Amino acid sequence: MSTKIVIDPVTRVEGHLRVETTMDGNRVQSARCSGDMFRGLEKALKGYDARTAQQITQRVCGVCPYAHAETAALALEDAMGIRPEPNGQLLRNLTVGTYQIKDFLLHFYTLCALDFIDITAVLGYEGRDAGLQQVRGWVQQELANNKVFPAAPFLPRYEADYCTDQAANISAIKGYLDAIPIMADFHKMVAIFGGKSPHPVAIEAGGVTTPPTLDRIAHFRTLLATCAPFVREQYTQDVIAVAQAFPGYFREGRGYGNMLSYPYLPDANGDNFFFAGGVTIDGEYRALELDKITEDHTYAYYYDNSSPLLRPLQTDTLRPLSSVDFQAQQSRSDGKYSWGRAPRYDGLPMEVGPAARIINTYKSGTNSELNALVNRFNRQLDITIDDYASVMGRHLSRAILANLTLNHMERQLEMLQPGKPAFSEHPVPRNARGVGITEATRGSLSHYIETDSRGLIRNYEMIVPTTWNMSPRDGSGNQGPVEQMLQNTVVADAANPMELARIVRSTDPCIGCSVH
Amino acid sequence: MMQQEITRRSALKRIFAAIAATGAGSFITFDDLLAADANPRKAINVLWLHGSSCTGCTCSLLDIEKVPVVDILTRFAHMVFHHDLSLATGDQVTETIDKLLESEEPFVLVVEGSIPVRMPHTCMVAHRTMDSWMQRILPKAQACIAAGTCAAFGGVTQMEGMDTGSMGLLQYSYYRGITTPIITLPGCPMKPEHFVYSVLHYSTHGAPPPLDRYGRPRRFFGRTVHDRCVKYADFQENYFSRKIGEDGCLLRLGCQGMVTRSDCMITGYNNNTNVCLRAGHPCIGCSGENFPRRVMFHTYDDTRDIIPRRV
Ligand code: SF4
Ligand code: SF4
């Protein structure tokens, strides 16, 4: 007999996500992931000044706004036929790098760690750390006082096979607390050249409007030096400790294994990317062909269009379902079920994100620093490059990327040329088209822009990492990548489906981004 | 020791009462509140929900340095549920909310993001629309904090051209006839100091800090960005920047500081690390009632202006 498991809302992800699985005994037969929020920013942008796209599209996501700001600027620069000032390119690299490392900490500690680490281990803490003592005292008091919601927001939780190694638990709980001020420092680094964070204003087509003065560079360098040890030591060690405590998760949530990534972190001139773009399909790495991307909306809450397969900038013909039609779809067992559309590459669902970036760059052989680090971790954890497409592989990928990005930022910081501009102004192009691609924290991100005869936006489109990962089924019946990852997972206790939550969270879903 | 603390506490309480009576409540500083709340009897229950949002305000909250986040969670606010912090997931979330509403425990509701009303099915939690959740929860809250510009005024979710009919909390409560007091903390993202100050004020005084007609704490939103701008002297001398990177007031490059209220130029962002104008970029009006406008940044000779379209 088949039963269902529903997790709604999935917390500790960005936005409104519902996951529903049909079970065959204790094994997932099929899964459906629904992005449950729609705003409609792309269509609303029509008629706006082309330069507003950068400020508005970054507001699809407060967790990775800089990626959208940069991609919007890249799209407009493509339409202008220019490249940003070299200083501007470096400042963007430094700022996106900062943002991504901060996001990796947020994802690991704030959102995911406590799916593996036992927070109640703090009750047995006997050391002298003031923060841990404070939390221990508070949890004790909360539990003793018969509160209605004792120790919220840390309880209630799914009861599951948490880590039993006391030292690993305490280290990660301390990391949870210590990561918060470190993340605030990373945000300060974004603010130095972005104005503020989240939602930095200072990136525009042509570069970055904040010039790299000596004092700003010094401030940035000081903060980088303060934060770097936490990333290199504590964060990396905590990820390894969790990976060692849960080695089985290198085999869970594997999905299709098809990987897509865009070229990311160029040099000052916009060439020679630190991370390679490309695709890995059936284990084979190939060059990226952007025109293979289409979007399907068979199971997405939009009125059907003449063609189910739309190319970028054609999706503006889609209209969101009205309330009545939405309910009609919901009452059908094979109805539409997500606001997210289903992007496909050559018709295939693709996983994007840290694991894709690692696997594609590794296979491309373009970055020996990356390959050396990956090989080192592979020996330490007894895994291979193919194991990165898994729950634990994704966590490990983030730790590796954080270390590499730090090294790269330290090098690029010294290449800035104080006194030279970081921004040059160019007229907004009329009747032009442009595309911007880069890697956001959660994977491949592209923006497409088309301007009209007055330089206003005629059409705008974003294809966002979580749109790829969290996509619903397509017209050919292919499940979305995360749906595929969930399939065949064994759930020990249907009332506490932690196995599913761990798989979903390993992809760091961002529904605000995916549907926008 | 205990005796002393209590005396200090009650003394502070009397002082606050006197300050409030003279209508000068917006002068209570952050440190006053922290001192008064050093030994609270009961942390205020906070229920934090997301409407149509981007989670930027939550990310911003975690950046606070004035009060450590762990202190907020363990001493000042009892975070009954927060979408990005709670370990509770799935049914545990709806059970928690149900239990809170049934328990009659007092709580402050925080909403991040707006509420779509024309197309309520565009924002769902546990298969129910956010609109229906709000109709149930908002009347029971002691007060509601609208965190960020979307929750306060609609922000990007209510920009011209949107179909969803999203509303900020002030408009929403009026539309639904709900009279729960609303404290709006516009800012895209909300500044964490504004939030923690408001929560502390509420838990210390049982009432929000003095507010203006849009529900904004006057302490933070009494003046425009322009009033305190580092470039105000340039403005007065009609010395305008012609392009980015030049000295001078940024008005002719699209600056919206004149029509935007917030304390950005005093306390900056990210613990006063920087703020738009100090970074050399015009204010785009992110904490304003009319954010975002169709033009936010333009060239010196551009004749399009930034005067509000929807009031
Ligand atoms: S830059 Fe903007 S806020 Fe500053 S003085 Fe000029 S107009 Fe006012
Ligand atoms: S200066 Fe203007 S755009 Fe910048 S944070 Fe303040 S209100 Fe927002």
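**From the sheet to a shared site**

Tutor: In chain B, 5 strands make up an open sheet with parallel pairing, in the order β2-β1-β3-β7-β9. Strands here are DSSP runs of E with at least two residues, helices are runs of H or I with at least four, and both are numbered from the N terminus; two strands pair if DSSP finds at least two bridges between them.

The model is predicted: local features need pLDDT of at least 70, side-chain atom pairs count only at pLDDT 80 or more, and totals for chains, interfaces and linings use all residues. Residues are numbered from 1 along each chain as written, chains are lettered from A and ligands numbered from 1 in the order written, and side-chain values use heavy atoms, without hydrogens and water.

Within the sheet, β1 (residues 44–50) and β3 (residues 108–112) of chain B are joined in parallel by 5 bridges. B:W48 is placed opposite B:V110 in β3(B).

Now to the part for a close look, the surroundings of ligand 2. Its shell consists of A:K196, B:T260, B:C264, B:Y269, B:C276, B:C283, B:I284, B:G285, B:C286 and B:S287, where a residue counts if one of its heavy atoms lies within 4 Å of the ligand. Since these residues come from chains A and B, the site is shared between chains. By class there are 6 nonpolar, 3 polar and 1 charged residues; Ala, Val, Leu, Ile, Met, Phe, Trp, Tyr, Cys and Pro count as nonpolar, Asp, Glu, Lys and Arg as charged, and the others, Gly among them, as polar.

The unreviewed UniProt entry annotates B:C264, B:C283 and B:C286 as "binding site". They gather at one spot, because no two of their C-alpha atoms are more than 10.5 Å apart although they span 23 residues in sequence. UniProt positions follow the numbering used here, with shortened feature names, and annotations may be inferred rather than shown by experiment.

B:C264 belongs to helix α12 (residues 264–267) of chain B. With 10% relative accessibility, B:C264 counts as buried; buried means under 20%, exposed over 50%, and partly exposed in between, using a 1.4 Å probe and protein chains only. Beyond neighbours within four places in sequence, B:C264 contacts B:K191, B:V225, B:Y269, B:V275 and B:R278, contact being heavy atoms within 4.5 Å.

B:C286 lies in the segment after α12 of chain B and is buried too, at 9% relative accessible area. With residues up to four places away left out, B:C286 touches A:R59, A:K196, B:T149, B:G187, B:C188 and B:F291.
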